[in-house]
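Grab a pencil and get the viewer ready. Let's work through a few exercises together, one step at a time.

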Amino acid sequence: MIQETETIIHLAAQYLAAANISFVPKEEDDSHTNFGFDVEQLRLLSHPLSSKGDQLALNYKDFSLEWISFNAHNSYPLEGKTHAQALEWLQQMSLTTIAKPYRYKFHYELPYSIHSDYTFHIDNSADLKTLANLRILTQKGLEEIIKTFHLKDSIRIWPHHFDTGIYAPLPETSDVMVGLGLAIPDTVSDGHYFYASGYKNGNQMDPTSFNRLSVGKWVSDTFKGGVLPAENSNQDQLVKFFTEALNQLKD
């Protein structure tokens with residue numbers, strides 16, 4: 001199932017989060033823990049981990065970790081490897097490239113855990129392409145929205161909820177912040193979904209009185225905002241969903 005593969009990728013992505021925590025200066029909003037997505041190489045990318053620009057990546061194409069240095073590129077396939085073996089490689093790479101120890105330690109909890117004997121295995125490699133395509137679709141859709149609405153934020157993936165998203169003030173309304181992005185299956189939806197929500201004076205906006213969306217729908221349960229199932233959605237539909245939602249959130 002695609003959700004099982006996403007869980008495995010989510011676990012593997014924690015290696016990048018741990019690298020950020022180990023080597024990147026702490027930010028109050030936890031933004032030092034997040035990572036970006038390289039649409040050309042189909043990989044998650046950590047923040048720069050050293051003054052020389054070292055980065056750790058998780059490649060969706062071959063399910064591998066990549067340590068990218070200014071003078072070298074080392075790859076470590078995760079298929080069939082244990083968590084302990086992956087940590088050993090990461091610790092070796094950090095010491096040989098930036099002369100600092102890598103630590104696998106977090107200040108947040110995931111909905112699932114990992115142990116030293118845990119072995120990485122992807123049953124269906126086609127799932128990796130599907131998941132990568134979802135990240136590409138989200139990245140391109142958000143890039144268009146940022147340009148259209150003149151939003152000032154970068155598109156990042158957050159290690160805890162594993163959503164690709166932005167959180168930015170609307171230029172026309174200083175007291176409204178909007179959150180847009182892609183979420184993995186959770187209590188809101190059994191499948192991946194796109195979301196749009198607004199916050200006014202720090203409070204989440206209730207869309208109960210909003211006009212109906214032509215793409216997606218408003219919900220007012222545990223999550224208050226717009227929701228569009230990701231399955232079978234294309235970029236035109238995604239941009240339309242975000243655009244309609246933002247136009248109502250800013251009014």
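Predicted model: local features only at pLDDT ≥ 70, side-chain atom pairs only at ≥ 80, totals over all residues.

**Exercise 1. Find out how far helix α1 reaches and whether it is enclosed or open.**

Solution. Step one: locate the helix, which covers residues 2–23 and has 22 residues. Step two: go from its first C-alpha to its last, and you get 32 Å, close to the 32 Å expected at 1.5 Å a residue. Step three: look at burial. In α1, 16 of the 22 residues are buried, so the helix is largely enclosed by the rest of the structure.

**Exercise 2. Work out which residues have the most contacts inside the largest nonpolar core, and which element gives it the largest share.**

Solution. Start with the core itself: it has 75 residues, and Y15, L44, L58, F63 and L78 have the most contacts inside it. Next, ask where the residues come from. The largest share, 11 residues, comes from α1.

**Exercise 3. Compare F63 and N232: where does each one lie, what is its phi, and is it buried or exposed?**

Solution. F63 lies in the loop between β3 (55–59) and β4 (64–68), while N232 is in the loop between β12 (224–229) and α4 (235–249).

Second, check the backbone. Most residues other than glycine have a negative phi. Yet F63, not a glycine, has a positive phi of about 50 degrees, and N232, not a glycine either, has a positive phi of about 70 degrees.

Third, check accessibility. Buried means under 20% and exposed means over 50%. F63 is at 2%, so it counts as buried; N232 is at 71%, so it is exposed.

Finally, see what F63 meets. Leaving aside neighbours within four places in sequence, its contacts include I8, I9 and A12, as well as L78 and F120.

**Exercise 4. Describe the largest pocket: what is its volume, and what lines it?**

Solution. Begin with the volume, which is about 840 Å³. Then turn to the lining: there are 30 residues, and W158, H161, D163, A183 and Y195 lie nearest the pocket's centre. The elements giving two or more residues to this lining are α1, β7 (164–170), β8 (173–183) and β9 (193–200). Last, sort the lining by class: 13 residues are nonpolar, 11 polar and six charged.

Conventions: Residues numbered from 1 in each chain as written. Heavy atoms only, no water. Helix = DSSP H or I, 4+ residues; strand = E, 2+ residues; numbered from the N terminus. Expected span 1.5 Å × (residues − 1). Buried < 20%, exposed > 50% of the residue type's maximum accessible area, 1.4 Å probe, protein only. Core = buried A, V, L, I, M, F, W, Y, C linked by side-chain atoms within 4.5 Å. Contact = heavy atoms within 4.5 Å. 1 Å grid on protein atoms, 1.4 Å probe; cavity = no way out; pocket = protein on both sides within 12 Å on 5 of 7 lines; lining within 4 Å. Points joined across faces, edges and corners; volume = space filled by probe spheres on them. Nonpolar A, V, L, I, M, F, W, Y, C, P; charged D, E, K, R; others polar.
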